[in-house]
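Me: I'd like to go through the contacts in this one and ask where the labels come from. Can you take me through it?

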Amino acid sequence: MNNIARWMVAAAISTTLVASTGASPASASDPVDGAGSTWSQIAVDQWRADVARQGLVVNYQGVGSTAGRVAYYQAQVDFAVSEIPFQSAQYDRQGNLLADETQLAASRPYAYLPIVAGGTAFMYNLKANGQRITDLKLSPTTVAKIFTGQINMWNDPAIAADNPQRVMPATRIKPVIRSDGSGTTAQFTAFMADETTSDWNVLCQRANLGSSCPATSLYPDYPNSGFAAQQFSDGVANFVAAQYNDGAITYVEYGYAKERGFPVASVKNASGSYTQPTAVNVSVALQGARINNDGTQVLGGVYRNSDPRTYPISSYSYMIVPTTEASPFNASKGQSLSEYIFYFLCAGQQKAEQLGYAPLPKNLVQFGFEAVARIPGAVAAPAIDSCANPTITGGFLVPKATTAPATTAAPASGSSGGNSGTPGGTSTGTTVPGATTVPGATTVPGTIDETGTVEDPSAPGDVVDAAGGEAVIATPGVAMATSVEIDTEGSGTSPIIYVLITILLLGIAVGPPVVAGRLRPSVKQ
Amino acid sequence: MFNSRSPSRQWTVRRRAKADPVTSVTDVVETNALEKDRVTPVVRRGKVDRVYRAVATLSGSIVFVVMALIGGFLLYRGIDALRLSGWGFITESQWAPDMGGAFGIAAVLPYTVSIALVALFLAVPISVATALFITEYAPRRLRRFLTATIDLLAAVPSLIYGLWGLFYLQPRLITLSKWLADNLGFIPFFKVNEDFGTSLGVFPSSTFVAGVIVSLMVIPICTSVMREVFGQAPPGEREGAMALGGTRWGVVRDVVLPFGRGGIIGGSMLGLGRALGETIAVTLIISPSFDAKWSIVEQGSNSIAALIALKFSESTETGISALMAAGLALFVITLIVNTAASSVVNRSRSGSATEI
């Protein structure tokens, strides 16, 4: 219904355009239908709205990655968006074949291309002596051990070794996982399955899933794990932020922690720096992405990227596009789809940071261009250097510092890698087209030099990260700043308004029957 | 006060008044042969009657058709998973059909039932008391107001209850949970795992919290049904009890409650049906757990409806089939509960008169 209405509106607009101007660059094109990831949906929807103004109709339903992949091989949609590629054959414990997605999908040839990038942040709620800890540092192994139930206390030697700057409290760790299927889970488990395999396999065994298991959208749990599970990113973030949940930690998109004014752990990367999951650090990490012959991602180079700014737990979701004209696809749709893809790979990525993601770096845009070339009816790719992607036009990613001080240093200066989320501030108003919405960037505390490191005036040690946390939170600006203001104001709002509203609502609901009862001639019965 | 008798009576009277001129235009004068005249229109209405009867029968049977279709659909979609798991579907407590692991409802089902029981444990006494107050004790004006408010509460979407419960009730309720665990910890229901201690953090997302919030949704429904039934206690017996010198409480105990027994059971069962199937509020509150335990205050609970809501979007085909099988189990249990309820209601003499 809705789709048809939208299509009609778009068609009407484009015909009037043709009628009035006589020459329209984009002729009325076939609408393209897609389904899949909810994790990527915010970005996909924004880009859909953007291209709709040019008469390009792209429909998308966020039904979940798995459902999206199924819809693709069942030929119900033109394209799918998923965090994980088609899964190879799966067997149950008796050895019966459950499903073989790659084989099912072979009937409708496809190509993968990168669409939305982001990092998995670890939001935590931890107090020591009544003071909230904001400078937690974790190595990937420690993270994996926490989320597989092998480390249960915050003062565990492994955590203490990552945080020599302070004494960790003897609080029990409460890992909070997603109870629903989620792309964040898929990306985090993919990291663990790849990088901390032995720890991940411990969870597989405890959850009775065999000696090892692949990445999954549904986080495995086991009896008496002590995990808490909540629905949606909002759900886990609220749960961790709850006052009574001292000691809780969860994996969630960075934006959800920022909104609530909660810190996220700095994670140790291959160069030994501890970094925050800012858009820049994620984009830097993804410069190490390689791709298999079948188009699936090889993120080893991302997880182990030697750039000191790298946030190691970074990844991207796929768009799955058809490479033949098998029904329901055709060349006309291919043209629309390719125009949409070129938009989001280039100009669309300018909005990635605002939307809570990270822009795809040049190498991934290049992969995308190569994949588009295989779509039937695709228009020719623009020259890569004319692509309006902020990582290509410059200004967003400052070239890797040759003499980055962070590379040699231990955790304390590693935190400056975390601060490198701010260099966007140096380019405000010049190259970043979305600059009008990030005025806050100019007010970043601390001075920023061209290499993207922060010369923090305060002493090294635990103070550095506190300041770094501020810098990171202040930078991307508006959205976060306002939400915090609302939070502080909310408590001050007079309760009288709420009482009045409640009385009004009650009056509206209860009034009519009571009045009607009075007006009715009384029946004596 | 609000019973439908008086308006419906007015309506029928008006109808007759309208219908009369039509039938009697031809024989206005033959006043006393009315009986015969009345018979003719009845015979003429025979066709209409038959059509009406057919339509009524059809709509009645549609209920069965729809029910059979739902059951058949669930069975059809779930049969693959049931074949895969065999009897394990009933004995297995894990739920990992997507990863090739075992799956079954041995943990989910007890949790579903325990949430519903906690809800009923709180809702039934409150509902009975509220309904009695409205019908027997409240002043007339207050009665109208209360009835409207209860009906209003029944119309509030469950998501609203869920959100309110999550953000307002849960942080406050866990202090009660903690008190129960600290002071009544010797009862298995209120015991918590010693490993985790009794800090407030172990109490949210429990069966107890979910049950309390579901009870809020169940109370208005139960109260509505019970109020209706209590209000129809025969005035003759009521007045008789009064005349014999009974107190108001005596009337309640000896006339209203026995007469309304079917209503109490029927209302509770209706509430149980809703509690078993409640989805959104439970999904928001619980932290899904797949090992059944006695404790209701400790974190970790589950429900079939919530399981389906949570896992559906990212499930593989096997996973969806397994969810459908779980849905079938819930469907069957709800049918059993409702059938049992209606048989109980029918067996009680007074209840059958109330036509619940």
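This is a predicted model: local features need pLDDT of at least 70, side-chain atom pairs count only at pLDDT 80 or more; totals for chains, interfaces and linings use all residues.

Me: How do you know that chain B and chain A are in contact, and how many residues take part?

Reply: Contact asks for heavy atoms within 4.5 Å. On that basis 48 residues of chain B are in contact with 51 residues of chain A. The area buried between them is about 4,000 Å², with carbon and sulfur atoms giving 55% of it.

Me: What polar contacts does the rule find across the interface of chain B and chain A?

Reply: The rule finds 12 residue pairs, both partners at pLDDT 80 or more. Each pair has N or O atoms within 3.5 Å, so they count as polar contacts. Elements of chain B that give two or more residues to this side include helix H1 (5-24), helix H7 (158-183) and helix H14 (317-347). The largest share, 6 residues, comes from H6(B). By residue class, the side of chain B that touches chain A has 22 nonpolar, 16 polar and 10 charged residues.

Me: Now inside chain B: which domains is it divided into?

Reply: Domain 1 covers 1-85 and domain 2 covers 87-355. Their contact takes 16 residues from domain 1 of chain B and 16 residues from domain 2 of chain B.

Me: What do domain 1 and domain 2 of chain B bury between them?

Reply: About 1,500 Å², and 78% of that is on carbon and sulfur atoms. On the side of domain 1 of chain B that touches domain 2, the residues divide into 11 nonpolar, 3 polar and 2 charged. Across this interface the rule finds 0 salt bridges, along with 4 residue pairs in polar contact.

Me: Over to chain A: why are E9 and E14 called edge strands?

Reply: The open sheet has 3 strands in the order E9-E13-E14, with mixed pairing. Strand E9 (137-138) and strand E14 (274-275) of chain A each pair on one side only, and that makes them the edges.

Me: How do you know that E13 and E14 of chain A pair?

Reply: Pairing takes at least two bridges. Strand E13 (residues 266-268) of chain A and E14(A) have 2 bridges, in the antiparallel sense, so they qualify. Val267(A), for one, has Thr275(A) in E14(A) as its bridge partner.

Technical notes:
Residues are numbered from 1 along each chain as its sequence is written. Chains are lettered from A and ligands numbered from 1 in the order in which they are written. Side-chain values use heavy atoms; hydrogens and water are left out. Domain bounds come from an automatic or database domain assignment. Buried area is the accessible area (1.4 Å probe) that two parts lose on being put together, summed over both. A salt bridge is a side-chain nitrogen of Lys or Arg within 4 Å of a carboxyl oxygen of Asp or Glu. A polar contact is a pair of N or O atoms within 3.5 Å; within protein, one must be able to donate a hydrogen and the other to accept it, and residues adjacent in sequence count only if both atoms are side-chain atoms. Ala, Val, Leu, Ile, Met, Phe, Trp, Tyr, Cys and Pro count as nonpolar, Asp, Glu, Lys and Arg as charged, and the others, Gly among them, as polar. Helices (H or I, at least four residues) and strands (E, at least two) are DSSP runs, numbered from the N terminus.
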